[in-house]
Amino acid sequence: MATSANPGGSVEKSNSTESMDVSDPPGPKVNLCRRESGILQITQPLYQEYSHQALDREIQRQRRDERSASPSPEGRRGGGRRATGVRASLVAPLGLWRDVPEVRASRWFPELSAELQRLQEVKFELISSEASYLRSLDIAVDHFQSSETLMSLLSTQERQWLFSKLPAVRDVSRRFLSELEENFEENMLDFDVCRILLSHLPDFRSVYIPYVTNQSYQEKIFKNLIHKDPNFLRAVEVLESHELCQRLTLKSFLILPFQRITRLRLLVQNILQRSTRGSQDEETARMAAEALGELMRECNEKVQRMKSTEQLIALSRMIDFESKVFPLISESRRLVKQGELTEVGVAGGNISW
């Protein structure tokens, strides 16, 4: 029998052996099926890859804006070559709004101003990035969490701490993307991603706040399992080696919801920046940005409250209070300060330490 440490103590696990077969039956288990879309295919890059590419794209976008604001002969001569390089390395795998065949073939596309095209691109990036995000979530749930071998090595509590509400996060993303795609396909020129985001905000709150709050437990249990359970480590390595994962680690999949909620706000802020002043697009984007900012603040508050509770639990184990009338661990209590304490005594005019 093997035991594994957890944030609240030790959890006993049964049916664990010193040596075991950690390979699941061959063949991918990931279910990448969702509504048929003529725009976004399941060949979207994984979200981890998108994050790196999006950062590079943002840098290139800022450089283009700077060149547009301050054109110079050198910038005009070199700008074309750099832009071509960006399309070859970044745009091709992600897809741009202007590269959608229906958009490119439309008669109104050549008449759009550069400003309006840039607005469409940042709105479309929210849709395409959500497709990448969902693809990675599918792998996290259907490949890792659904692995019978991996689950057999974990207690019920460890499964909860490690994967938390990941399937629920995936379901929320799936519904969100489905509505985004439907809206885009109805009108590829005047699609409103921020309005849809606002309508899904209650669902975001219901899954992201618990998932982010669970982060400290997730990190601790993952680290404990990796270092103390060789069977768990071996099972994870086998799953990570599958071609579906593209050499990405389980941990990179587990942290996706933390990254996504932050990225969503950045994307909405880009839309707000590109929107025409006084327009409905600007107002909706501002509301969405504020709502996401509030969601992030609430997530941070929950995380800090959880850390404070953990500190009080640790303190209660070190100190024996004579009075049990007022419990040390309470929702209203916070650890204000900790450190060494020196007792000073005064007797007969003499000070003793």
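Here is a walk through this structure, from its overall make-up to a few individual residues.

The model is predicted, so local features are described where pLDDT is at least 70, side-chain atom pairs count only at pLDDT 80 or more, and totals for chains, interfaces and linings use all residues. Residues are numbered from 1 along each chain as its sequence is written, and side-chain values rest on heavy atoms, leaving out hydrogens and water.

Let us start with confidence. The pLDDT, the predictor's confidence in each residue on a scale from 0 to 100, has a mean of 78 over the protein, with 63% of residues at 70 or more.

Now for the architecture. Of the 353 residues, 44% are buried. Here buried means under 20% relative accessible area, exposed means over 50%, and partly exposed lies in between, using a 1.4 Å probe and protein chains only. Among contacts between residues at least 6 apart in sequence, 77% join residues at least 24 apart.

Beyond its neighbours within four places in sequence, Phe232 touches Leu150, Leu153, Leu154, Leu162, Phe222, Leu225 and Ile226.

Rings of Phe, Tyr and Trp (its six-membered ring) pair when their centres lie within 6.5 Å; planes under 30 degrees apart are stacked, over 60 edge-to-face, and the rest tilted. By this rule there are eleven aromatic pairs. One of them joins Phe144 and Phe253, which are tilted because their planes meet at 45°, with ring centres 5.5 Å apart. This pair links distant parts of the chain, with Phe144 in helix α4 (residues 114-145) and Phe253 in helix α12 (residues 250-254), 109 residues apart. Both Phe144 and Phe253 are buried. Tyr211 and Phe258 make another tilted pair, with centres 5.4 Å apart and planes at 50°. Here Tyr211 belongs to helix α9 (residues 201-213) and Phe258 to helix α13 (residues 256-274), 47 residues apart. Tyr211 is buried at a relative accessible area of 1%, and Phe258 is buried at 14%. Elsewhere, ring pairs link Trp97, Trp108 and Phe109 into a cluster.

Next, take a look around Asp192. This residue lies in the loop between α7 (166-186) and α8 (193-199), and its relative accessible area of 16% makes it buried. Its side chain reaches the backbone nitrogen of Cys194 at 3.3 Å, a polar contact; that term covers N or O pairs within 3.5 Å, and within protein one atom must be able to donate a hydrogen and the other to accept it, with residues adjacent in sequence counting only if both atoms are side-chain atoms. Leaving aside neighbours within four places in sequence, Asp192 is in contact with Asn183 and Thr284. Lys123 is 69 residues from Asp192 in sequence, yet their C-alpha atoms are 7.8 Å apart. Lys123 also lies over the face of Phe191, 4.7 Å from the ring centre; a charge sits over a ring if NZ of Lys or CZ of Arg is within 6 Å of the centre and within 35 degrees of the ring normal.

Helix α4 also holds Ser128, which is buried at 3% relative accessible area. A polar atom of the Ser128 side chain lies 3.3 Å from the backbone oxygen of Glu125.

What about the cysteines? Cys194 is buried at 2% relative accessibility, and Cys299 is buried at 3%. The structure holds zero disulfides, a disulfide being a pair of cysteine sulfur atoms within 2.5 Å.

Finally, visit the loop between α11 and α12, where Gln246 is found along with Arg247. Most residues other than glycine have a negative phi. Gln246, however, has a positive phi near 50°, and Arg247 has one of about 65°. Gln246 is partly exposed at 37%, whereas Arg247 is exposed at 81%.

Technical notes
Helices (H or I, at least four residues) and strands (E, at least two) are DSSP runs, numbered from the N terminus. Contact means heavy atoms within 4.5 Å.
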